[in-house]
Amino acid sequence: LVISCPCALVISIPLSFFAGIGGLSMHGIMLKGANYVEKIARIRTIVFDKTGTLTTGQFAVNRLLDSRDDEKLLKLAAYAESYSNHPIARAIQNAYQFEIDQAKISDMQEIAGRGISIALENHQVLAGNYKMMEENNVDCKQYTEPGTYVYVAEDGIFLGCILLKDTVKQDAANAIQHLNKNHACMMVSGDAKEICQEVGKQLGIDSIYGGCLPEDKITCVNTVKKDGVVAFVGDGVNDVPVMRSADIGFAMGSLGSDAAIEAADIVIMNDEPSKIVTAIKIAKKTKEIVWQNITIAFAVKIIVMILGLFGDATMWEAVFADVGVALIAVLNATRVLRYNPESSNK
């Protein structure tokens with residue numbers, strides 16, 4: 001009776017999963033249930049959103065196009081955008097790097113869907129899109145390279161164009177490189193196909209779908225479900241339906257919307273895509289330890305039980321097969337907490 005007591009199995013298996021959850025939380029990865037540990041270990045395809053997931057969601061000035069005077073171009077654009085809190089406006093102001101004297105600005109007009117018009121020291125300054133230039137008879141060409149453009153003109157004369165792009169997260173390329181070894185990676189985004197292709201090429205993602213509505217994202221996820229467990233990684237409200245459709249939903253905890261965090265199964269607190277690699281490694285290690293505990297418990301109990309049947313096992317051996325194996329399994333389970341996924345190549 002003592003030998004056959006299932007304490008080692010009853011204690012060690014759930015404890016291994018709890019240790020796995022603890023190990024994940026130590027790396028800033030929060031799970032909403034122990035059942036997701038096993039699912040993470042079986043992930044076959046990972047589908048990423050772009051903005052806020054693989055990129056920072058913050059624009060930065062990439063370069064100046066056809067500029068006659070770089071300093072003047074940035075100055076006029078920064079003054080025009082000085083009243084705005086839009087990410088594009090903040091990116092231009094950061095690039096200018098000088099203090100803006102708003103007392104010099106008068107007659108500021110924000111034209112919906114076009115841009116901003118101001119009077120700066122008795123000069124009319126326009127900063128906006130190509131349609132704004134067309135409507136004000138400013139002679140300039142339209143640029144087609146992927147990105148966001150701010151055309152700048154003074155008194156009807158085109159001064160140049162500012163190209164802004166969303167910046168890729170520092171660890172995104174490294175994360176995709178590791179995931180590509182054993183998993184299939186996809187990108188689905190509502191942004192223009194050209195922009196998605198450029199980011200995908202930079203990161204090393206081959207399967208890219210741009211211009212997707214929420215229902216298009218669900219279709220993409222459902223298409224690859226036949227290949228195995230599918231995880232979706234996103235951050236926005238429009239990612240909620242596809243998160244629920246995927247087998248596992250990852251949400252970015254810092255930039256992510258409340259709705260996305262609520263819908264997700266796993267939350268990455270610091271928004272680093274590389275944490276997905278960490279989560280998979282810890283989940284696989286947890287599963288490995290669970291099977292080690294099962295094997296040790298059964299092996300020891302079977303050996304001692306055979307000895308007991310032949311009268312060669314005393315109560316001390318029986319206690320070891322029960323309490324001793326349980327303690328060994330508990331100590332083995334705690335190895336997950338000390339596991340460093342960065343030192344593992346698995």
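Me: What is the handedness of the α1 and α11 crossing?
Reply: The crossing of α1 and α11 is right-handed, meaning the near helix is turned clockwise from the far one by less than a right angle. This is a predicted model, with local features needing pLDDT of at least 70, side-chain atom pairs pLDDT 80 or more, and totals for chains, interfaces and linings using all residues. Residues are numbered from 1 along each chain as its sequence is written, and side-chain values use heavy atoms, leaving out hydrogens and water.

Me: Which residues of α1 and α11 make the contact?
Reply: Among them are A8, L9 and S12 of α1 and A279, I282 and T286 of α11; contact means heavy atoms within 4.5 Å. Helices are DSSP runs of H or I, at least four residues, and strands runs of E, at least two, numbered from the N terminus.

Me: At what angle do α1 and α11 pack?
Reply: About 165°, with the axes 9 Å apart. Axes are lines fitted to C-alpha atoms, for helices over the stretch in contact, and angles run from 0 to 180 degrees between N-to-C directions. α1 and α11 are therefore roughly antiparallel (over 145 degrees; under 35 is roughly parallel).

Me: And α12, what angle does it make with α1?
Reply: About 10°, again with axes 9 Å apart, so α1 and α12 are roughly parallel.

Me: Switching to the sheet: what is the strand order?
Reply: β3-β8-β7-β6-β5-β4, an open sheet of 6 strands with antiparallel pairing; two strands pair if DSSP finds at least two bridges between them. β3 and β4 are the edge strands.

Me: How many bridges join β5 and β6?
Reply: 6.

How values were computed: Angles under 35 degrees count as roughly parallel, over 145 as roughly antiparallel, 65 to 115 as roughly perpendicular and the rest as oblique.
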